[in-house]
Amino acid sequence: MITFDQIKSNYEINTYIQKGNDVLGVMGYTDHGFAHATLCANKASDILEFLGYDERTVELARIAGYMHDIGNCVNRKDHAQSGALIAHDLLIRIGMDIEEIADVICAIGHHDEGTGGPVSPISAALILADKSDVRRSRVRQKNMSEYDIHDRVNYAVYTSGLTLDRDSMSVTLELSIDTSISPVMNYFEIFLSRMLMCRKAAEYLGLNFALNINNTRLL
């Protein structure tokens, strides 16, 4: 069976991730490189492990999380679908089982809030992992006077974390936001659709979703 370590060390896969991140950098987007890919891989697998899914499903979530943004090297628009098609060809070439490929590309193809949604445990875990990655280290623009709203909101988040609680069967996104940089309302202005997608993903997995900003529950 193809392992996550094989995926993470694969030259072709890493080239697509890097090139996609380079393209988004030119377009002014926040970082979508290896730090984001690795974080999503770890969070997605942690969620399914917490819920008791089998070891192989957890590993496939880790693989999907790492590869989910490779479509950005084609275009940001519909990157989930193009990424799924690229992933299909790459995984075929390295010899992954076809049923497992189907599970991975399904998750990749459904991770974007514009066109996707939770349709499998792996896709639901990937959605939660991806949409919860808000942090100032993702901001690439160095000049604060040139920040757009996405830069300001991400830079304003100085701590973030996704917490799983077994007693309440909940997953909570905890954010600390410096409101002198960006008011909390700006977060909802750009991320409300993502948070609603997270709630649907959590519900698919049998979890309650909560959003806490500055120690106040807002969703």
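Student: Is Cys40 buried or exposed, and what is its relative accessible area?
Tutor: This is a predicted model, where local features need pLDDT of at least 70, side-chain atom pairs count only at pLDDT 80 or more, and totals for chains, interfaces and linings use all residues. Residues are numbered from 1 along each chain as its sequence is written, and side-chain values use heavy atoms, with hydrogens and water left out. Buried means under 20% relative accessible area, exposed over 50%, and partly exposed in between (1.4 Å probe, protein chains only). Cys40 is buried, with a relative accessible area of 0%.

Student: How many disulfides does the structure hold?
Tutor: You'd need a pair of cysteine sulfur atoms within 2.5 Å to call it a disulfide. The count for this structure is zero.

Student: What is the distance from the sulfur of Cys40 to the nearest cysteine sulfur?
Tutor: Cys40 is in no disulfide, and the nearest cysteine sulfur belongs to Cys198. Cys198 is in no disulfide either, and Cys198 is buried too, at 0% relative accessible area. The distance from Cys40 to that sulfur is 11 Å.

Student: Which pattern does the protein follow along the sequence?
Tutor: Helices (H or I, at least four residues) and strands (E, at least two) are DSSP runs, numbered from the N terminus. There are nine helices and four strands. Read along the sequence, they give α-α-α-α-α-α-α-α-β-β-α-β-β.

Student: Why is the protein said to be as compact as a globular protein of its length, and what is its radius of gyration?
Tutor: The radius of gyration is taken over C-alpha atoms, and the globule rule is 2.2 Å times the number of residues to the power 0.38. For 219 residues that rule gives 17 Å, and the protein comes close to it, so it counts as compact in that sense. Its radius of gyration is 17 Å.

Student: How much space lies in the largest pocket?
Tutor: The search runs on a 1 Å grid over the protein atoms alone: a cavity is a set of points where a 1.4 Å probe fits but cannot get out, a pocket is an open set with protein on both sides within 12 Å along at least five of seven lines, and lining residues have an atom within 4 Å of a point. Grid points are joined across faces, edges and corners, and a volume is the space filled by probe spheres set on the points. The largest pocket comes to about 460 Å³.

Student: Which residues lie closest to the centre of the largest pocket?
Tutor: The lining has 27 residues, and the elements giving two or more of them include helix H8 (149-156) and helix H9 (184-204). Closest to the centre are Tyr29, His32, Arg76, His150 and Arg194.

Student: What is the relative accessible area of Asn215?
Tutor: Asn215 is in the loop between S3 and S4, and its phi is near 65°, a positive value in a residue other than glycine. Asn215 is exposed, with a relative accessible area of 76%.
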